[in-house]
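Please look through the structure shown here before reading the notes that accompany it.

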Amino acid sequence: MRRLLAAAALALAAPAAAAGAVQQVLLPGPTPYPTPSPPLVTVGPPPWANLPFRIHARSEQRVLAGVDGRGHLVSLRVLQRLLLTGVGDYQFVVSAPVEDVRPGPGSQSQPGLRRGQILWSGFASKRKLLSADAVLRPKPAEPFLPLRLEGDTESGGYTLRLENTTVTSQAAYTGAGFRNELARLLDRTRLESLAGSRLSTAYVELRGLVRATRRTTVAAPLHVEGKLRFPERPKSVVGGTIRGSTVTFSTVLGDERPLNYRLDVRGGGGAPRLHLVARPTAVVRMLVPPGASSWVEAVRRRPLPAKALLQRVLEARMQLVRSDQYQAFLNNPDVAGRNRTVYVYKTAAASPGAATAPSRPRSGDGSGWLMVLLAAGGTVVAAGAALVGWAHS
Amino acid sequence: MRRIAFLLAGLALLAAGCGKSSGAKDAAEHLVIAVDVPVTGSPYVAQTIRQGVALAASNLNGGGGMRVGSKSYELTVKLYDNHLSARRAVQNARRALEAGAVTIVTDGTGVDATWELARREGVSICITYDGGTGLVDAETRPNVFRIAPTNHGIAFRYAEYLIPQKLKVALLADDSAYGREGAADVTRAFASNPEAVALRLTLPAGQTDLTPQMLRARRSGATALLLWGQPPTIAAALSAARSIGWDVPFYTPPTGGDPFIRQQLADHPDWVDGLTFASGRMTAEVGTAPFASFQSQYEAAYGADRVGVKTSDGQAVLQPPEFAMYSYDFVHVLVAAITHAASVEPEKVTAALNEVTTQGANGDERGFNRHSHEGVVDDDVYFARFDDMTFAPVPDDPLSATLPPIQQTRG
């Protein structure tokens, strides 16, 4: 799809370039997302969906990842709250490698369960809260978590390594832009980023040929806050703060900062209990205007190169799109709906969800169950819309 | 999806036929659907359930049956009369299992006793009338399914509908099993709002004069009656209330829509006016077209269900085939499950019932899942009110207000 878009861009650009004309080119965002998942997609009967246009859904999710002492995933549970607004019927499924699902707190309806699907069906009268507490099989969902943990208990200390795993690469382009317009686009992108809202569609004017550049590495910035509770008070720590027997730390992985983080603790008397919260966050650093309160003002003060401004706006928007993608670990049936996801990693024994999981084993639910990287319908539609928009620009 | 399955099944049949040099056609095997209903206890209910099953089976068989593996199958409907007796239902279940039934469709009579018998053979039971709480439980009764509005759903929808109207509701129920079960659900639904309840009273089922009970209800200060009972009880209560000049609004479960009530009160059609009943909606948001199509098929096969009364302008009143729709839908879900399981073994088919969805006769999706064996969700309960012997969705309930009325008259 991305290749198709790039090819289409170049094909469209060629006649314009011949004329030396100015053309409008679509900037990244709000969609398509660079990869098909998240949200999770599973093999199964084709999901049916009926969320009429007059019903909107806001999704809030809390992903609870249980990890062992080495940071390896042992259990996975998601609490998804879908707030429907509007009047009408709804029928949809949320795909996930789900083992069991129960109504979450405050749910005004009961979720149904099928292989790989959480089902919702009913009638919404202005407002309706659908809350699902789902136990997922960790293995197929693990590749789509935003953070990888690695803990080492060595003699006399403990080391925790964090890695932002949202990294992917995307095709970008370059061309002759207009400095003032690019500055305005940077300001607009910054405003939307700081407001925590989804990017609105934007075009950039480029003169002449639009060229594809080498693929750009993109990662969702993650704000991470952690707490390690040790058996004893640690002697020292690098990368955190000691408070009694607890070490706390806070960092952002991405947004012009490293994608890895390392915490070294000396002492502590053994392996700690970990509690870590990761949130896909805004792009801040990358969008700070140099020596001014806005990009427009910065450009007025000194002639920043248009090529660098274009590259910055493209990369910032790609990161914001990636961040937005991780705001929906499970699907929201409303493609335009607002999503928020918090990822919580906690030290846990294996399968803490067993208490709520059904006692009967199910045939055919083996661990070899495959996740399929299918482009989600919304992504395809959005990509198509982007292409059409581009073609008509 | 179902169309594709039929198409593939059809192509497979065609291919199989082409492969035989003799050109002889495979003899289809018969897959038995047992229908256990109160033919002599509640004939209208029995007839509508049986005809719904038979119509779906006839449609499938008329299209060449279905192909499962190397065999083709046609559906055969076997009728059993349970006389509204649990003991007879048990006898019927045994006979149905001996006959090799893949499923038993029932009004709900005796399911507390029959489900275990059926489960031993892996056979599913589908209730298409009785909404009793406890009859269906996906965990403890994994082979029992239901496509019919539940008492629980109706009771809670009534609480949701009536309490905001600031009515003082007399909660009445007759002493039949149906009435007692409904009363329990209504009590739970109104438990948090005792200020909305004027009176709780049990009525003797089968008694034709309920004047003393209606006088007592009126003295309690009730401004509405929610009566959970069999159609004769509702008819008797309406008759008594109107006879003493009490024009109180009546609210009832689906039994309020039973033709019997209108037949009993045919001499006083105005007494029926304002009677409201709750049931599963017959139309979806897509409109009346799917249900109208089903209704016309049903009437072409069996004729219209005439209520036996007329409107004020002399038009004959017809009863829409609501409960026939549920049994009709179940057969479609069953066929989808057989296709999904690629087997006619009852145990596999029963398991597959949790995994399939079909489009119901009213345009809604119909199916079950591992956590819920209810084919009508509580949200689908709507309220309809009688006027001039026909009913229409009420305008003051958000769901009901979205539903178009169903044509019920014929000149």
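Predicted model: local features only at pLDDT ≥ 70, side-chain atom pairs only at ≥ 80, totals over all residues.

**Chain B as a whole**
- Chain B contains 13 helices and 18 strands, and its C-alpha atoms occupy a box of roughly 80 × 45 × 35 Å when the principal axes are used as directions.
- The radius of gyration of chain B is 22 Å, which agrees with the value near 22 Å that a compact globule of 411 residues would have.
- Of the 411 residues in chain B, 54% are buried.
- Among the contacts in chain B with a separation of 6 or more, 68% are between residues 24 or more positions apart.

**Where chain B meets chain A**
- On the side of chain B, 15 residues are in contact with 15 residues of chain A.
- The chain B residues that touch chain A comprise six charged, five polar and four nonpolar ones.

**Two helices of chain B**
- Helix 8 of chain B covers residues 231–243, and because 13 residues at 1.5 Å a residue should span 18 Å, the 18 Å between its end C-alpha atoms agrees with expectation.
- Since 11 of its 13 residues are buried, helix 8 of chain B is largely enclosed by the rest of the structure; the buried residues include B:Pro231, B:Ile234, B:Leu238 and B:Arg242.
- Just after helix 8 of chain B comes B:Gly245, which takes a positive phi of about 75°.
- Helix 2 of chain B, with 20 residues (43–62), reaches 27 Å from its first C-alpha to its last, which is close to the 28 Å expected at 1.5 Å a residue.
- B:Gly64 follows helix 2 of chain B and has a positive phi, near 100°.

**An open sheet in chain A**
- Four strands of chain A, in the order 8-9-16-13, form an open sheet with antiparallel pairing.
- Strand 8 (147–154) and strand 13 (234–238) of chain A stand at the edges of this sheet, and each has a single partner strand, so one side of each is left without a neighbour in the sheet.
- On average, and with direction ignored, neighbouring strands of this sheet are turned by 15° against each other.
- Within chain A, strand 9 (residues 157–164) and strand 16 (residues 260–267) run antiparallel and are joined by seven bridges, and A:Gly157 stands opposite A:Arg266 in strand 16 of chain A.

Technical notes:
Residues numbered from 1 in each chain as written. Chains lettered and ligands numbered in written order. Contact = placed C-beta atoms within 7 Å. Nonpolar A, V, L, I, M, F, W, Y, C, P; charged D, E, K, R; others polar. Rg over C-alpha atoms; globule rule 2.2 N^0.38 Å. Buried ≥ 20, exposed ≤ 12 C-beta atoms within 10 Å, placed from the backbone. Expected span 1.5 Å × (residues − 1). Pairing = 2+ DSSP bridges. Axes fitted to C-alpha atoms, helices over the stretch in contact; angles between N-to-C directions.
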